[in-house]
There are 2 protein chains.
Amino acid sequence: MIGLDHPHVFSMAGQVVGAGAELAAFCGDGPAVDLFGKLHPTARRVDERDAILEDPSIHLVLGAGIPCERAPLGIEVMRHGKDFLSDKPAFTELSQLESARAVQAETGQIFSVFFSERFENQATVRASELVGQGAIGRVIQTIGLGPHRLNAASRPDWFFDPKRSGGTLNDLASHQIDQFLHFTGVTRPRIVSARVANYAHPEYPELEDFGEVLMEGEGATGYVRVDWFTPDGLSTWGDGRLTVLGTEGYLEVRKNVDIAVREGGSHLYLVDGAQTRYVDCSEVALPFAGQLLDDVVARSETAMSQEHCFLACELGLRAQSAAERVPAPRGQANP
Amino acid sequence: MIGLDHPHVFSMAGQVVGAGAELAAFCGDGPAVDLFGKLHPTARRVDERDAILEDPSIHLVLGAGIPCERAPLGIEVMRHGKDFLSDKPAFTELSQLESARAVQAETGQIFSVFFSERFENQATVRASELVGQGAIGRVIQTIGLGPHRLNAASRPDWFFDPKRSGGTLNDLASHQIDQFLHFTGVTRPRIVSARVANYAHPEYPELEDFGEVLMEGEGATGYVRVDWFTPDGLSTWGDGRLTVLGTEGYLEVRKNVDIAVREGGSHLYLVDGAQTRYVDCSEVALPFAGQLLDDVVARSETAMSQEHCFLACELGLRAQSAAERVPAPRGQANP
């Protein structure tokens, strides 16, 4: 593990270790490091990342540094003959993506991104299986909502700097974009429209507290809304939702909470030609990390195709760069 | 009542009669007429609409004819010194709207539209009250989903002819557009993007079985998806949803059904700074019809402003005329 700037380090490392990997070493600083060391007592803490990059016994490097530093690290990792799993967003500029694509093609290493809202969510995994089995016919649309709690005081400086964080659409919406491509099977997507706003945080003029994207591809469209407006009265960081509309039925995933209905997260509702039902996902296994480790060993591509991974990242970058500002309400200046 | 081509006649008449109006007469044909006559035994059935238009004891005319005939009727009604309540969509072409606006301004009569998904839904009425009281801060976004069951065999010919029906966005999405304007207070909206498709009904090449609209105005955006894909396994005609995002909280209305959770319709969920809760709306009164009757008598504008009514209709027409077709999936022709 190189770069521990985002708390996603815990789940990323937890997943791959849980799937059978040995966490050999980690390198980074920031508030997560001490706890990370305690959780992984057999891992060496090293001061220089070269100690990891040049260790021939290490095959896979995880990275959750500051977003703008992830792609350059991934490129270095691949050049050292290792595979890379990045926190999202893996890229903050299209030029980084172009370089990563070139180096990946040249080296044949894996450049993967941990889209946790799919890979770590049992209901989304089950939804994926059901859609794959044709449970709702051909998928024609997805709607993804990704609200987040801001917790501004706990955020590091780079969070408020779009150059380093990559912007709200590129960061938060990367999950919903990944899911749009995954559930529709679209391979030639385009951004129809993208918008960002700073509606209520003038103290952070660079923050985009709201973003939305409309996308389309061959025979399907996708809408995404992300925001930093989760109210304090919600029991968790965000009421993430995914609605998948098919020609024969639809499903809804309530990812982290089922407001005023059920306890816990990972809730799946399915309506098809025969019935309306709640699908219990508490026993669903999460295959991503195990598949990734298999891919590392077998040089296969089962966890997520490389093309899909880069395409999802590209669409996030394009949404961000295409985004217009929502006009200000009457009598208010737009920051 | 003139024109009984859509079953909305029952709820429109039911609401105004329930609010104290006397239903004097009706004129029309189609499969609803006999039942309508039984439900309103004191109303005269007349063969010629002039018998209604020229009856000085009649002050308000309701119309649920074929969509393309509603605006011309409304114009005639206003020219006869009466007010008009149309089923939606009230217009199928912008030129009709221009004429109605001119005649309304000239005569001072009311031209109203029965947006049933707001006026007839207790949870939406309660949501409106709560938003008006500032329960979720300033509204920055709405998402409206309006899926419908097609029941193709039960539909009349005009349903499949966009010239007469007005098209799916103009028809179905008119509700969500009304709610976008109502909940955000936007008065200068524009259509950012609109799309339609015929994904799965090649036997009805003119049918748009899917539509979506992205709108914006001063400091708010709105997304709408409507479709004819309600699966048979749903207990009602459509799982209509409304999500209203504010700077201090959000709410969700599950209009007709709360899938696999609660019985019945009109469900409201609210999350604010203090809590997450289900709001019981079973005792909420529906004020629209009573306010409209007051407006007819007092020449006031309490049920819905004339400007809002025309603006919502205009936006539906503009969405429809701006709509692009979603590209066909690989290997399939787009009808």
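Analyst: Let us begin with residue classes: Ala, Val, Leu, Ile, Met, Phe, Trp, Tyr, Cys and Pro count as nonpolar, Asp, Glu, Lys and Arg as charged, and the others, Gly among them, as polar. By these classes, the lining of the largest cavity has 10 nonpolar, three polar and nine charged residues. Keep in mind that this is a predicted model, in which local features need pLDDT of at least 70 and side-chain atom pairs pLDDT 80 or more, while totals for chains, interfaces and linings use all residues. Residues are numbered from 1 along each chain, chains are lettered from A, and side-chain values use heavy atoms, without hydrogens and water.

User: How many cavities of 30 Å³ or more does the search find, and which residues are closest to the centre of the largest cavity?

Analyst: Rolling a probe the size of a water molecule over the atoms shows where empty space is left. A cavity is a set of points on a 1 Å grid over the protein atoms alone where a 1.4 Å probe fits but cannot get out, and its lining residues have an atom within 4 Å of a point. Points are joined across faces, edges and corners, and the volume is the space filled by probe spheres set on them. Here the search finds four cavities of 30 Å³ or more. The largest has a volume of about 330 Å³. Of its 22 lining residues, A:Arg241, A:Thr243, A:Glu252, B:Leu145 and B:Arg241 are the closest to the centre.

User: What is the volume of the second largest cavity, and which elements give two or more residues to its lining?

Analyst: Its volume is about 100 Å³. Its lining includes B:Phe159, B:Asp171 and B:Trp228. Helix H8 (162-165) and helix H9 (168-171) of chain B each give two or more residues to this lining; helices are DSSP runs of H or I with at least four residues, strands are runs of E with at least two, and both are numbered from the N terminus. The lining divides into five nonpolar, three polar and three charged residues.

User: How many residues does each chain bring to the contact, and how many salt bridges are there between chain B and chain A?

Analyst: Contact means heavy atoms within 4.5 Å, and here it takes 61 residues from chain B and 61 residues from chain A. Buried area is the accessible area (1.4 Å probe) that two parts lose on being put together, summed over both. Between these chains that area is about 4600 Å², with carbon and sulfur atoms giving 60%. A salt bridge puts a side-chain nitrogen of Lys or Arg within 4 Å of a carboxyl oxygen of Asp or Glu, and there are six between chain B and chain A. In one salt bridge, B:Arg195 pairs with A:Glu216, the closest N and O atoms being 2.4 Å apart.

User: And inside chain A, which residue forms a salt bridge with A:Arg149?

Analyst: A:Asp232 does, with 3.7 Å between the closest N and O atoms. Both residues lie in loops of chain A, so the pair ties together parts that are 83 residues apart in sequence.

Notes. On a 1 Å grid over the protein atoms alone, a cavity is a set of points where a 1.4 Å probe fits but cannot get out, and a pocket is an open set with protein on both sides within 12 Å along at least five of seven lines; lining residues have an atom within 4 Å of a point.
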